[in-house]
Amino acid sequence: QVQLVESGGGLVQAGGSLRLSCAASGRTFSRYAMGWFRQAPGKEREFVATISGNGASTHYADSLKGRFTISRDNGKNTVYLQMNSLKPEDTAIYYCAAGPDISRRDLFNYWGQGTQVTVSS
């Protein structure tokens, strides 16, 4: 069982940066692939990025490569999402998730409550 708590969301102007954090409970954090997903108003939830348990592998949504960076600190049971050059279309609730395999997003079955990111123009 993994419990996830996101933080770091807020209001930022276009072009600005934010770093989201997701703190996980439990002693088996490094066994889980971790990911970030987002859901904008009126849209379905979409994939942002995932990272393997040891942090060696990462996957990104093509549209976000170069602006967003996922990382993790297994000593702190925390995964991060650094977001740069933010655009109004990045406005969404951002969710942290955990699963057994970086390539199997369909198996990510532990979810946080989400943190709101709002980018003003």
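**Close-up views of a predicted model**

**View 1**
Ser 85 is found in the loop between β8 and β9. Strands here are DSSP runs of E, at least two residues long, while helices are runs of H or I with at least four; both are numbered from the N terminus. This is a predicted model: local features need pLDDT of at least 70, side-chain atom pairs count only at pLDDT 80 or more, and totals for chains, interfaces and linings use all residues. Residues are numbered from 1 along each chain as its sequence is written, and side-chain values use heavy atoms, with hydrogens and water left out. With a relative accessibility of 42%, Ser 85 is partly exposed. Buried means under 20% relative accessible area, exposed means over 50%, and partly exposed lies in between (1.4 Å probe, protein chains only). Asn 77 sits in the loop between β7 and β8. Asn 77 counts as buried, at 17% relative accessibility.

**View 2. The largest nonpolar core has 37 residues.**
A nonpolar core is a set of buried Ala, Val, Leu, Ile, Met, Phe, Trp, Tyr and Cys residues, joined through side-chain atoms within 4.5 Å. In this one, the residues that touch the most other members are Leu 4, Met 34, Trp 36, Val 79, Leu 81, Met 83 and Tyr 94. Two or more core residues come from each of β3 (18–24), β4 (33–39), β5 (46–51), β7 (68–73), β8 (78–83), β9 (92–99) and β11 (115–120). β9 gives the largest share, five residues. In soluble globular proteins, nonpolar side chains tend to be buried together.

**View 3. Leu 4 contacts residues from other parts of the sequence.**
Contact means heavy atoms within 4.5 Å. Neighbours within four places in sequence are left aside. The contacts of Leu 4 then include Cys 22, Ala 23, Ala 24 and Met 34. Also among them are Cys 96, Ala 97 and Ala 98. Tyr 110, Trp 111, Gly 112 and Gln 113 are in contact with Leu 4 too.

**View 4. Four strands form an open sheet.**
The order is β1-β3-β8-β7, and the pairing is antiparallel. β1 (4–7) and β7 are the edge strands, each pairing on one side only. From one strand to the next, the twist averages 15°. Axes are lines fitted to C-alpha atoms, for helices over the stretch in contact, with angles from 0 to 180 degrees between N-to-C directions. Two strands pair if DSSP finds at least two bridges between them. β1 and β3 are antiparallel and share four bridges. In this pair, Ser 7 stands opposite Ser 21 in β3. β3 and β8 also run antiparallel, joined by six bridges. Leu 20 faces Leu 81 in β8. Five of the seven residues of β3 are buried, so the strand is largely enclosed by the rest of the structure.

**View 5. Phe 37, Phe 47, Phe 108 and Trp 111 make one aromatic cluster.**
Rings of Phe, Tyr and Trp (its six-membered ring) pair if their centres lie within 6.5 Å; planes under 30 degrees apart are stacked, over 60 edge-to-face, and the rest tilted. By this rule there are four aromatic pairs. Phe 37 and Phe 108 have ring centres 6.0 Å apart and planes at 70°, so they are edge-to-face. Phe 37 lies in strand β4 and Phe 108 in the loop between β9 and β10 (110–111), so this pair ties together parts 71 residues apart in sequence. Phe 37 is buried at 7% relative accessible area, and Phe 108 is buried at 4%. The rings of Phe 37 and Trp 111 have centres 5.0 Å apart and planes at 55°, so this pair is tilted. It links strand β4 with Trp 111 in strand β10, 74 residues away from Phe 37. Trp 111 is partly exposed, with a relative accessible area of 30%.

**View 6. Two arginines lie over phenylalanine rings.**
A charge sits over a ring if NZ of Lys or CZ of Arg is within 6 Å of the ring centre and within 35 degrees of the ring normal. Arg 72 lies over the face of Phe 29, 4.4 Å from the ring centre. Arg 105 lies over the face of Phe 47, at 3.7 Å from the ring centre.
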